[in-house]
Amino acid sequence: LELRCNGDARNTGALGGEARLEEYASDEGPAYTLGALGAAIDFAAASRSGGRTTDPAGGAALFTDPRLAGLSQVTLSLWFLPVDDDGPARLLYLPGEWDVIFSGGRVNFTVESGGEDHHFAMDRAAPNVELDECTLLAITADFATGTGAMYLGTRSEPPACVTTWEGLPPT
């Protein structure tokens, strides 16, 4: 799955297809823009974190394909520009499988298994993600062996491992 965001949400990865942009609250949805690293999807119009709750806010870029479910290994990566760390911001999400959240300068990875959420945080010794700095996030997860790792980088710093995990449950 690869979204290049060149004015559309076409997946240029092996699965093909297209993501869709959804607006949960009027005038708060995502928009295509030119970011610091090229084409991007901008979520800055959201008044707060929220989603499709009883008090909707913001929006999302959604891609659905049943072939994404139940993978035994996955590598997730994206560039993101945190403009606020006041509330949780969902970066990536596969319902019933995993969730990647940014909040308070930290990235957290949650794995859903057996109807329960299992939380895996950044190592406490790892530095916070800086606001207003383009950040590369990569997470590797091997659900078969229960191991994973998180890498962070910036435009001036190459990606470095900031956290390793053991005990990832199968999805």
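Which strand does Glu22 lie in? Strand β1, residues 20-23. Strands here are DSSP E runs of at least two residues, numbered from the N terminus.

Quick ground rules. This is a predicted model: local features need pLDDT of at least 70, side-chain atom pairs count only at pLDDT 80 or more, and totals for chains, interfaces and linings use all residues. Residues are numbered from 1 along each chain as its sequence is written, and side-chain values use heavy atoms, with hydrogens and water left out.

Back to Glu22. Its side chain makes a polar contact of 3.0 Å with the side chain of Arg20. That term means a pair of N or O atoms within 3.5 Å; within protein, one must be able to donate a hydrogen and the other to accept it, and residues adjacent in sequence count only if both atoms are side-chain atoms. Setting aside neighbours within four places in sequence, Glu22 touches Pro30, Arg52, Gly59, Ala60 and Leu62. Contact is heavy atoms within 4.5 Å.

Now strand β7, residues 98-103. Five of its six residues are buried, meaning under 20% relative accessible area with a 1.4 Å probe, protein chains only.

What does β7 pair with? Pairing needs at least two DSSP bridges between two strands. Take β6, residues 89-94: antiparallel to β7, five bridges. Tyr93 has Asp99 in β7 as its bridge partner. Three residues sit between the strands of this hairpin, and Gly96 takes a positive phi near 80 degrees.

Then β8, residues 106-113. It runs antiparallel to β7, with six bridges. Phe102 is bridged to Val107 in β8. This hairpin has two residues between its strands, and Gly104 takes a positive phi near 60 degrees.

Terms used: Helix = DSSP H or I, 4+ residues; strand = E, 2+ residues; numbered from the N terminus. Buried < 20%, exposed > 50% of the residue type's maximum accessible area, 1.4 Å probe, protein only.
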